[in-house]
Amino acid sequence: MGTKNLTRNRPASMATASTTLLLSLALLAFAWAASPSPDAEAISRFQEYLRIDTAQPAPDYAAAVAFLRNQASEAGLEARTLELVAGKPLLLLRWPGRRPSLPSVLLNSHTDVVPSEPSKWDHPPFSAALDEASGRIYARGSQDMKCVGMQYLEAIRRLRSSGFIPDRTIHVIFVPDEEIGGHDGVELFVSSKEFKDMNVGLVLDEGLPSPGEEYRVFYAERSPWWLTIKAKGAPGHGAKLYDGSAMENLMKSVEAIRRFRTSQFDLVKSGQKAEGDVVSVNFAYLKAGTPTPTGFVMNLQPSEAQVGLDIRMPPDVHTEALERRLIEEWAPSSRNMTFEFKQRGSVLDNFGKPAFTPADSSNPWWPVLGEAVKKAGGKLGKPEVFPASTDARYFRKIGLPAFGFSPMANTPVLLHDHNEFLSKDEYIKGIGVYESIIRELATHNDEARDEESRAEL
């Protein structure tokens, strides 16, 4: 009788087991479908970083560093924080190589971003809003340059997960104050013992997006001259005509500067030169007049007037000729004019040579970089002079090779603009590009050249 019962109950037991199995498989399938993909997780981490308000003049460096230290820990990197100026932390991350005697590779990124005008944006600048239809992530810093800093870390996550071990040590640093000159950041850092101990052989820093298919790469950049020109003259009645007023003297200079600016800009418009190859001059502000609670006194000619200029010079410019023009034409003492530099960058490195990194076969790093991008399915465009200034200039100044590179193709240039965005697809693609770059640079073996580089430094 017991045997009969067992036989009779077997189909029911099998049905129950089958139901349980199907239910388990369904739950597993649901869990698998519900779990975010690695790309989705990378996008989420990028958005989290973008939401930290690090805009000048009051960047939340503490929150940014705390977030990045956590990311570094998850990626298995050594981390320490250095403050050369109180309240302005540099985060130093390290991935030790198998051959620490080889010069290391340094990946640089700045944590601060420029201010924004929220009312001019379609999405709040620190919302990191993802437009599902276009795939665009809108945020201040999405192009300049929080994308690159996170792409470094995401690429390292991938490489470590695959079991890759670098020959050369990889350093990743997140630095403050690049958007206001880098004086309390990289400029101080390159003189520190901590930097010297890194034994750096090559630096990668930020570049610019490319509207086309090719990635842009920068081997030099224009050096800044920020200055004010001041004109003085006797005050006079608003109805009086006389020579040598402050405003008249200043406007003569403004017109001379405008003509020079036009001549340089015409070279760019005609295609004879790229933007980074000419001297750019832009008017930052005009200041004159006697203020009142509701405006300015209209019947009084002011005794002083001044203009602020942002001048950028490529590494091959004749700076002595430009300064003569400044003294003789733009601010001549004969018209009761003076000028003052607020920042005076040099186009030369510390060895008296033009501050650029060779982008040809004379530089062993150059073909490695190009091949790495190619292996990732990309292509480098013609090497350019960066039209503005980045922290890379401080590395080139001490003789280190440094390239500016941000893997953003098919992307309009919106650095410092309203509605700055980066496509999530381009961001993910850029991670793969950096994965290839780090792999190739970290295994590049050119010991003879490395010894030569160390001797020069």
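Helices (H or I, at least four residues) and strands (E, at least two) are DSSP runs here, numbered from the N terminus. With that in hand, let's walk through the model, which is predicted: local features need pLDDT of at least 70, side-chain atom pairs count only at pLDDT 80 or more, and totals for chains, interfaces and linings use all residues. Residues are numbered from 1 along each chain as its sequence is written, and side-chain values use heavy atoms, with hydrogens and water left out.

Let's start with the largest pocket. A pocket is found on a 1 Å grid over the protein atoms alone, as an open set of points where a 1.4 Å probe fits, with protein on both sides within 12 Å along at least five of seven lines; lining residues have an atom within 4 Å of a point. The largest pocket holds about 940 Å³ of space, where grid points are joined across faces, edges and corners and the volume is the space filled by probe spheres set on the points. Its lining has 35 residues, and Arg222, Arg312, Pro387, Ala388 and Ser389 lie nearest the centre. Two or more lining residues come from each of β9 (223-232), α7 (246-269), β11 (280-288) and β15 (304-313), with α7 giving the largest share, four residues.

Next come the annotated positions. The unreviewed UniProt entry lists Asp112 and Glu178 under "active site"; UniProt positions are given in the numbering used here, feature names are shortened, and annotations may be inferred rather than shown by experiment.

Aspartate 112 sits in the loop between β3 (104-110) and β4 (129-131). Its relative accessibility is 0%, so aspartate 112 counts as buried (under 20% relative accessible area, with exposed over 50% and partly exposed in between, using a 1.4 Å probe and protein chains only). The side chain of aspartate 112 reaches the backbone nitrogen of aspartate 177 at 3.5 Å. Glutamate 178 lies in the loop between β6 (170-175) and α5 (186-189) and is buried too, at 8%. Leaving aside neighbours within four places in sequence, glutamate 178 is in contact (heavy atoms within 4.5 Å) with residues including Asp112, His110 and Ser389.

Glutamine 56 also touches Asp112, along with Tyr61 and Ile180, among others. Glutamine 56 belongs to the loop between α2 (38-50) and α3 (61-74), and is buried at 8% relative accessibility. Its side chain makes a polar contact with that of tyrosine 61 at 3.4 Å; such a contact is a pair of N or O atoms within 3.5 Å, where, within protein, one must be able to donate a hydrogen and the other to accept it, and residues adjacent in sequence count only if both atoms are side-chain atoms.

Finally, some backbone geometry to check. Most residues other than glycine have a negative phi, and most peptide bonds are trans. Glutamine 56 and proline 57, however, are joined by a cis peptide bond with omega about 10°, and the bond from aspartate 144 to methionine 145 is cis as well, with omega near -20°. Alanine 128 has a positive phi of about 50° and is buried at 0%, whereas asparagine 336, with phi near 60°, is partly exposed at 44%.
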